[in-house]
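Dear colleague,

Please find below the structure that I am passing on to you. My notes on the findings follow it.

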Amino acid sequence: MTLTNYLVLSGILFSIGAATVLLRRNAIIVFMGVELMLNATNLALVTFSRLHGDLTGQVMAFFVMVVAAAEVVVGLAIIVSIFRTRKSASVDDINLLKS
Amino acid sequence: MDVNSLAPLLVAVPLASAAVLLLLGRRSDRWGHWLGLLASTAAFVVGALLLVELLGRPADDRSIRVHLFDWISAGRFDLSAGLLVDPLSLTFVLLVTFVGSLIHLYSVAYMAHDAARRRFFAYLNLFIAAMLILVLADSYLLLFVGWEGVGLASYLLIGFWNHHTPYAVAAKKAFVANRVGDIGLLVALMLMFATFGSVDFASVSAGIDGGLASTATLTATGLMLLLAACGKSAQFPLQSWLGDAMAGPTPVSALIHAATMVTAGVYLIVRSAPVFEGAPTAQLVVTVVGAITLVFGAVVGCAKDDIKKALAASTMSQIGYMVLAAGLGPVGYAFAIFHLVTHGFFKAGMFLGAGSVMHGMDDQTDMRRFGALRKYMVITWVTFGLGWLAILGVPPFSGFWSKDKIIESAFVVPEGAGEWRAWLFGAVALIGAGITAFYMSRLFFMTFHGSKRWTKDADGHEPHPHESPALMTIPMIVLAIGSVGLGFVLQLGGGFTTWLEPVTGHVEHHEPVLPVLVIQVVTLLAVAIGLVLAWRQYASLPVPETAPEGSALTRAARVDLYQDAVNDAVLVEPGRHLTRSLVYGDRTAVDGTFTGLGRLTVGIGELVRRLQTGYARQYAATMLLGLVVLAVVVLAPRI
Amino acid sequence: MTPSTAETVLFWVLAPIMVLAASGLLFARKAVHAALCVITVMISLAFLYVAQEAPFLGVVQVVVYTGAVMMLFLFVLMLVGVDASDSLVETLKAQRWVGWLGALGLGVVLVGVVGRATYPSAVGLAEANAPGNPTGVARIIFGQHVFGLEVVGALLVTAALGALVLTHRQRLKPLVKQPERAAARVAAGARLTPLPAPGVYARHNAMDVPALDPDGRPIEDSVPRVLRIRGQEAGTAEYRADTYRRAVTAVLAERGTPATDAEVDAALGTVEDDPRPAAAPPGTTTGPTADIDLGGGSTRTETER
């Protein structure tokens with residue numbers, strides 16, 4: 001086994017996360033898909049940091065985590081406020097930009 | 001006063017008068033006609049002064065170019081606008097201004113009851129100015145300016161009473177027929193520019209002498225010039241407008257469509273002598289056209305009951321004579337111009353007489369409603385009769401001297417051509433003289449002789465034919481005097497021919513195929529036969545008040561030998577089809593392109609709009625697909 | 001540097017679990033199940049981080065991501081509706097195919113690229129981790145990326161504020177507190193005070209005997225509604241407390257104007273007695289009221305006794 005395995009796993013997780021975003025309607029599950037994608041990226045970063053022997057990859061992964069946390073906060077707040085007005089958590093119901 | 005300052009006055013004075021009369025409008029109504037008359041007379045005086053000046057010079061010094069201003073300067077093409085005062089142009093100047101002034105005088109009384117008299121005089125002056133530009137121009141381009149100007153004046157004057165729609169339509173017809181001819185002049189201009197690099201008479205003549213142009217080019221140019229002349233002079237095939245042009249007031253018919261404008265074509269042909277002499281084929285075509293028109297006009301004239309239309313047909317025929325003479329080459333040029341001058345007098349005189357008759361008969365023109373007017377309108381009868389005798393060619397009246405010379409020249413075999421031409425054209429001219437005698441006598445007898453066939457008008461009034469006022473009879477008398485004596489005077493000692501020689505070139509006298517005396521006798525015989533036939537039919541026998549059925553030829557002649565039908569079929573209908581198809585093409589192709597572009601854009605927009613579903617997941621899918629494609633595109637070469 | 005056998009084993013155990021859990025996220029019908037699957041993935045990732053010589057990151061993963069972020073998700077799920085289940089049937093046209101195509105395509109591209117790329121030989125973090133992984137990481141963060149760190153801090157503050165702002169609700173109706181409630185009761189003429197405890201005003205054990213308020217009037221609510229409707233409520237006259245009468249007699253005696261009971265009654269005047277409650281509609285009152293003669297409620301009945 002080489003470090004490439006980690007990278008392949010990261011790619012697979014990323015794709016599954018992308019599929020979740022595209023195929024699920026519940027806003028919270030979509031958001032979780034996004035989180036999964038971020039995590040897959042983190043895994044890749046850590047692997048590359050190990051590959052190159054440079055801790056900068058881990059630093060980047062750390063920052064990604066922090067930003068992801070902030071993003072989750074705001075995103076969930078939005079979902080909650082939308083839910084309050086529309087009583088629905090489906091992403092498809094927010095289609096007012098339909099032309 | 002030298003030529004250089006006098007010559008521009010010829011054009012400037014009538015033009016300024018026209019401008020004043022048009023700009024001042026109704027404020028000049030009370031005195032406008034006098035100003036017009038004054039302007040025309042002043043032009044005549046200037047012309048006379050110029051004649052004196054020219055006569056004082058030796059014969060080879062009589063061609064004076066007066067430079068007016070530098071007109072076009074474009075690269076290698078330099079054209080200056082100038083006037084060419086030489087015997088030919090001066091002849092025309094005198095004819096136009098003299099006859100024109102007389103007609104101005106006549107119009108003062110003729111149009112006295114018309115509220116738009118001042119406008120009439122403005123247009124008349126405009127015509128005089130344009131005609132003078134035409135004959136005085138020193139280049140084809142300036143001639144064209146005058147050419148268009150007289151066309152415009154003719155249009156304005158024919159349609160003077162344009163509240164009556166048929167008159168406006170007649171004006172339009174005249175203008176359009178002229179336009180067809182103008183194409184010829186334009187093409188000729190272009191050919192000249194292409195061949196000689198210049199369009200003034202001197203350069204063209206020098207260029208032809210220098211052999212710059214091939215015979216083919218000269219033939220083409222000549223034919224185009226002939227086309228232009230046909231349009232302006234109402235020759236076959238562009239003759240259909242002259243009869244309708246009689247819708248204008250009679251002074252207009254007298255001035256423009258008898259004496260001056262219609263002769264512009266002859267002027268053009270004679271002026272372009274160098275071109276035609278280099279293209280014998282074109283000359284032959286000119287002669288043929290003249291011959292055809294001669295006969296055409298005569299035949300049509302025999303069947304017309306409208307006095308003015310009959311006179312118009314006569315004009316057409318007489319100009320046919322002039323064109324025939326001009327086509328004969330140097331032999332005939334001088335006689336063409338001679339006949340032009342004499343014809344100007346007697347035809348204008350007869351038109352004024354016809355106007356006088358109409359004036360006395362409540363503006364009727366149907367000759368079948370006239371008859372026995374000689375007792376009531378003596379002066380008119382006398383002056384008209386003198387013009388009639390002149391046009392018949394009875395010696396010693398003017399027409400005899402000019403027309404006979406043309407018939408003689410027609411019988412001359414041209415250089416390098418077959419004898420058949422002399423016989424053919426000579427015979428045609430001779431027979432034409434006979435027919436002319438017939439229909440002109442018919443006109444004369446139907447109007448002035450025979451029995452009264454007058455009708456009551458719509459209000460039940462009987463016409464009271466009376467002599468016209470002095471202002472109308474004086475010009476008629478003067479013109480009659482000209483019809484009588486001018487021909488004799490001018491031909492004394494070959495004076496007129498010699499006078500024109502600087503322009504037409506000296507011509508050796510050629511013998512016609514028949515002796516001159518024989519020709520003269522046979523001509524007079526034909527004239528006598530025509531006269532007697534007309535006397536028998538229209539003076540001694542009663543004239544039916546409604547036109548009888550007549551033979552097929554008569555019926556055809558009544559409708560101008562189907563010229564309108566032919567024009568319609570050949571020109572108007574195809575033109576209409578062309579216009580319609582062009583409009584259709586424009587609408588579908590051009591408009592279609594733009595509308596189509598618009599619709600295409602909208603259609604594409606409609607398609608693209610479907611991408612905007614409002615669903616975030618579909619947008620996300622689009623993004624993902626784009627990302628995948630991008631990744632493949634970027635990374636694929638590297639793998 | 002090559003991974004050790006232990007790491008290999010760890011990887012091959014965790015990788016399928018993670019993939020399965022991720023698929024669980026994709027296919028779970030209930031949102032809570034999906035959240036649990038994601039938590040599984042994240043914890044496994046933490047394991048992998050530790051295995052990849054990034055212990056700091058592994059701990060942060062558990063603490064921040066799993067512990068905070070996913071808990072936040074669960075809280076929001078609670079607010080939104082935990083039993084809201086999502087049907088797996090796709091409503092948007094062609095979205096399913098596009099989604100699968102996109103995801104599969106992406107997977108193929110990524111895996112293919114990763115597989116085909118050439119890598120330098122792995123160095124490993126032994127040297128970089130020499131002062132300890134957190135120290136090494138800290139040195140880089142606070143050295144090269146200190147500005148980024150500050151910015152990220154500001155970002156977090158902003159996010160918190162943003163959450164507050166976004167979920168702020170505006171009061172649409174006026175706030176109803178105690179004073180408003182009391183005023184409303186007064187305006188409606190409803191009972192202002194709470195009801196007394198049972199038995200406070202009772203004079204008698206019987207249920208049909210009404211309690212008397214301090215003024216001596218019967219309290220209607222003290223008799224069950226059914227009895228009231230039937231008209232079986234007992235009249236008050238005979239059970240009314242006569243303390244007032246006795247007091248008046250005593251005072252009059254003290255003043256030296258003794259009066260007989262009859263005179264006192266006359267002086268007192270008629271004490272209004274609550275009329276017998278209206279009998280129930282005919283046909284229903286055939287009960288014992290007819291038997292008991294309670295005097296029809298006039299004062300005289302009492303004195304006659």
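Which residues do ring pairs link into a cluster? In this predicted model, the cluster consists of Phe384(B), Trp388(B), Phe444(B), Phe445(B), Phe448(B) and Trp535(B).

A search of the whole structure gives 31 aromatic pairs over all chains. One of them joins Phe98(B) and Phe345(B) in a tilted arrangement, with 5.7 Å from centre to centre and 35 degrees between the planes. Phe98(B) belongs to helix 3 (residues 87–110) of chain B and Phe345(B) to helix 15 (residues 330–360) of chain B, so this pair ties together parts that are 247 residues apart in sequence. Phe98(B) has a relative accessible area of 22% and is partly exposed, whereas Phe345(B), at 9%, counts as buried.

A stacked pair is formed by Tyr106(B) and Tyr110(B), with 5.6 Å from centre to centre and 20 degrees between the planes. Both residues lie in helix 3 of chain B, four residues apart, which is about one turn of the helix. Tyr106(B) is buried, at 0% relative accessible area, and Tyr110(B) is likewise buried, at 11%.

I turn now to the interface between chain C and chain B. The contact involves 13 residues of chain C and twelve residues of chain B. About 1,100 Å² is buried between the two chains, and carbon and sulfur atoms give 76% of that area. On the side of chain C that touches chain B, the residues comprise six nonpolar, four polar and three charged. Between these chains there are zero salt bridges and one residue pair in polar contact, with both residues at pLDDT 80 or more.

With kind regards

Conventions
Residues are numbered from 1 along each chain as its sequence is written. Chains are lettered from A and ligands numbered from 1 in the order in which they are written. This is a predicted model: local features need pLDDT of at least 70, side-chain atom pairs count only at pLDDT 80 or more; totals for chains, interfaces and linings use all residues. Side-chain values use heavy atoms; hydrogens and water are left out. Contact means heavy atoms within 4.5 Å. Buried area is the accessible area (1.4 Å probe) that two parts lose on being put together, summed over both. A salt bridge is a side-chain nitrogen of Lys or Arg within 4 Å of a carboxyl oxygen of Asp or Glu. A polar contact is a pair of N or O atoms within 3.5 Å; within protein, one must be able to donate a hydrogen and the other to accept it, and residues adjacent in sequence count only if both atoms are side-chain atoms. Ala, Val, Leu, Ile, Met, Phe, Trp, Tyr, Cys and Pro count as nonpolar, Asp, Glu, Lys and Arg as charged, and the others, Gly among them, as polar. Rings of Phe, Tyr and Trp (its six-membered ring) pair if their centres lie within 6.5 Å; planes under 30 degrees apart count as stacked, over 60 as edge-to-face and the rest as tilted. Helices (H or I, at least four residues) and strands (E, at least two) are DSSP runs, numbered from the N terminus. Buried means under 20% relative accessible area, exposed over 50%, partly exposed in between (1.4 Å probe, protein chains only).
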